[in-house]
Amino acid sequence: MKSLRQLVCTCPVQVLWSLAESLGAACFFSWFFYRSAWSLPLFLPLAARHFCRACRALEKKRTGELEKQFQECIMSVAAGMRAGYSIENAFYESMGDMRMLFGAGGRIVRELEELVRGMHNNIPLERLLMSLGCRAKSTYIQEFAEVLDISHKSGGNPAEVIAGTVEALNVRLKTSAEIDVLLSGRKLEGKIMNVIPFLLVLYVRWGNPEYFDMLYHNLAGIMVMSLLLAVYLASALLTEKVLDIRVG
């Protein structure tokens with residue numbers, strides 16, 4: 001619920017579009033499979049699931065964008081530390097670079113401003129970064145904060161930690177991008193295959209409007225359409241699971 005409120009505040013147009021898309025799909029399924037408004041409540045759980053999945057995808061996209069911006073940020077921080085700044089001052093100085101790259105309203109700029117306010121209130125940088133990672137649901141940022149915290153406690157070299165993190169983050173984000181590219185075509189094929197059965201039925205119905213009338217408003221037709229609905233949902237769920245690959 002808290003994540004949904006954050007999404008509504010940050011990208012209301014996308015959230016409203018996802019909601020409208022989910023409700024529209026529920027109405028279409030109700031008409032397509034049963035031709036009855038009474039069946040609409042049966043599809044509301046599916047609409048809710050689709051809406052939650054769309055919100056998660058939107059949140060994942062925003063997290064990915066922040067991670068890429070954070071990658072640029074820590075590269076700037078690493079350059080600042082090589083110039084002799086402390087890690088706290090390097091984060092402060094990196095705001096100028098981030099404003100040039102992403103604009104004053106960029107998300108990483110807003111997060112850095114929050115970071116600087118926290119440091120002015122004597123909150124440890126590691127805790128602020130961990131809070132940022134939790135808010136953004138980014139394991140990358142959380143792991144960076146944990147490694148930095150361990151480095152400080154053990155008397156390690158923060159510059160080396162930053163350099164190592166930049167390299168590791170580059171590899172993980174590059175791997176994630178390569179997987180997305182490889183799967184993009186398969187995901188498009190999956191979406192097309194999910195739509196084709198409806199297009200075929202609508203095409204036949206356009207040529208012969210009464211062809212499928214025997215499948216509606218009678219017990220045998222309801223059973224057949226329910227079976228087809230179950231098969232369709234199972235195949236769509238299987239496609240979704242097969243293509244759901246995450247980079248650990």
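The paragraphs below go through some of the salt bridges, pair by pair.

This is a predicted model, in which local features need pLDDT of at least 70, side-chain atom pairs count only at pLDDT 80 or more, and totals for chains, interfaces and linings use all residues. Residues are numbered from 1 along each chain as its sequence is written, and side-chain values use heavy atoms, with hydrogens and water left out.

Side chains of opposite charge can pair when their charged atoms come close. The structure holds five salt bridges (a side-chain nitrogen of Lys or Arg within 4 Å of a carboxyl oxygen of Asp or Glu). One of them joins aspartate 213 to arginine 35, with the closest N and O atoms 4.0 Å apart. Aspartate 213 sits in the loop between helix H8 (158-207) and helix H9 (219-243), and arginine 35 in the loop between helix H2 (12-34) and helix H3 (40-82), so this pair ties together parts 178 residues apart in sequence. Helices are DSSP runs (H or I, at least four residues), numbered from the N terminus.

A further salt bridge pairs glutamate 59 with lysine 137, at 3.6 Å between the closest N and O atoms. Glutamate 59 belongs to helix H3, while lysine 137 lies in the loop between helix H6 (125-136) and helix H7 (139-154), 78 residues apart. Glutamate 59 is buried, at 17% relative accessibility, and lysine 137 is partly exposed, at 48%. Buried means under 20% relative accessible area, exposed over 50%, and partly exposed in between (1.4 Å probe, protein chains only).

Technical notes. Helix = DSSP H or I, 4+ residues; strand = E, 2+ residues; numbered from the N terminus.
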